[in-house]
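This briefing sets out selected features of the structure shown below, grouped by topic.

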Amino acid sequence: MTPPDPLVAPRASRVVRGPNEPGNPRPVLVRTRAELAAALAARPVATGKTYGRAVVMTMGALHQGHLSLVRRARELADQVVVTIFVNPLQFGVGEDLGRYPRDLEGDLDLLASVGADLVFAPTPDVMFPDGDPVVRVTAGPLGEILEGVTRPGHLDGVLTVVLKLMHLTRPDVSVFGQKDAQQVMAVERMVCDLDVPVKIVAAPTVRDTDGLALSSRNAFLSPAERARALVLSRALGAGERATNASAADADAVRAAARGELDGADVELDYLALVDPRTALEVPAGHQGAAVLAVAARVGVTRLIDNVPLWLGEHEENDA
């Protein structure tokens, strides 16, 4: 079956100042490797902030969650580069590559509103001039659990393109969204294991007023499906509240979250309470940091969400 043409995502948060208004210049747009190299060389990186250059990697169809990453990058670095590339390597057979929303003109307007300096928006032939890469990065065991069960090879595709974009943009720091928690774990592991000289910063998940985590895929939800999808954030909230109980352990957190999901009109993929370094399930007696993660299909749209948690007593710092 032929996939539908790319869609323009309807976004309520779309209102920004016009691109021609004073003080609101659009970022420089480059599409090729040569244009990118010239643009980076044309503006030497200053040293007035913690980092010289930050990169935020996106697949476009930007929303306020993406913009929060750019704002964080702006705080950290003198120069902010945003990449927009719908990465075919991270889509499996039958997934929504063709349906993924694309709106480059709208994205540029939004990025102007948060001060991005440069946008690199390559086409697949620019990213893969010799065709699909033969040598790829593998996520190893991290890519075989949670998202890797439903989407085998997904994180391998992510890491391969993330590493290529790091080589092309040469950042000092890269900002990722906590919403894609397993992706953040894998990228952190990659830069550590392969000695990539880039600092990884995870920025908090941004939610809509009803609690739903912002995602480009939310555009595919009907109003009724969106209402059903709210059970995901409710489940995470129930698990988070369970950590405040005096006798709370990992099993209690899992049970509280599952109680919200029981009987919900969604197709649950997984609910997991995992170690933030390995993505493996934590035991009942786990103390310390954990991530409560959930994935489910609502209608034909697959959504993920998570919340970082702390189990047990926090260590108190000396005054």
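R26 and E105 form a salt bridge in this predicted model, with their closest N and O atoms 3.0 Å apart; a salt bridge is a side-chain nitrogen of Lys or Arg within 4 Å of a carboxyl oxygen of Asp or Glu. Because R26 lies in the segment before β1 and E105 in helix α3, the pair ties together parts that are 79 residues apart in sequence. Helices (H or I, at least four residues) and strands (E, at least two) are DSSP runs, numbered from the N terminus.

As the model is predicted, local features need pLDDT of at least 70 and side-chain atom pairs count only at pLDDT 80 or more, while totals for chains, interfaces and linings use all residues. Residues are numbered from 1 along each chain as its sequence is written, and side-chain values use heavy atoms, with hydrogens and water left out.

**Salt bridges**

- By the rule given above, the count comes to 16 salt bridges.
- R26 is partly exposed at 30% relative accessibility, and E105 is partly exposed with a relative accessible area of 47%; buried means under 20% relative accessible area, exposed over 50%, and partly exposed in between (1.4 Å probe, protein chains only).
- The side chains of E147 and R302 meet in a salt bridge with an N to O distance of 2.8 Å.
- E147 belongs to helix α5 and R302 to strand β9 (residues 301-311), so this pair ties together parts that are 155 residues apart in sequence.
- Both E147 and R302 are buried.
- R302 also meets D269 in a salt bridge, at 2.8 Å from N to O.
- D269 is located in strand β7 (residues 267-274) and R302 in strand β9, so the pair links parts that are 33 residues apart in sequence.
- D269 is partly exposed, with a relative accessible area of 30%, whereas R302 counts as buried at 13% relative accessibility.
- Salt bridges that share partners join R26, E105 and D109 into one network.

- Helix α3 (residues 104-112) is mostly covered, with seven of its nine residues buried.
- The buried residues of α3 are G106, D107, L108, D109, L110, L111 and A112.
- These buried residues pack against β1, α2 (64-76), β3 and β4 (118-120).
- L29 is found in strand β1 (residues 28-30) and counts as partly exposed at 32% relative accessibility.
- Leaving aside its neighbours within four places in sequence, L29 is in contact (heavy atoms within 4.5 Å) with L104, L108, V119 and A121.
- The C-alpha atoms of L29 and L97, which are 68 residues apart along the chain, are separated by 23 Å.

**Strand β3**

- T83 lies in strand β3 (residues 77-84) and counts as buried at 0% relative accessibility.
- Neighbours within four places in sequence aside, T83 is in contact with V55, V56, M57, T58, F120, L165 and T169.

**Domains and their interface**

- The domain assignment of the protein chain gives domain 1 (28-203) and domain 2 (216-309); the bounds come from an automatic or database domain assignment.
- The C-alpha centres of domain 1 and domain 2 lie 26 Å apart.
- Across the interface, 20 residues of domain 1 are in contact with 19 residues of domain 2.
- The two domains bury about 1,700 Å² between them, 54% of it on carbon and sulfur atoms; buried area is the accessible area (1.4 Å probe) that two parts lose on being put together, summed over both.
- R99, L146 and M185 supply 32% of the area that domain 1 buries against domain 2, more than any other three residues.
- The count between domain 1 and domain 2 is one salt bridge.

**Helix α7**

- Helix α7 (residues 181-193) has 13 residues and should span 18 Å at 1.5 Å a residue, which agrees with its end C-alpha atoms being 18 Å apart; the expected span is 1.5 Å times one less than the number of residues.
- The buried residues of α7 are A181, Q182, Q183, V184, M185, A186, V187, M190 and V191.
- D195, which follows α7, has a positive phi near 55°.
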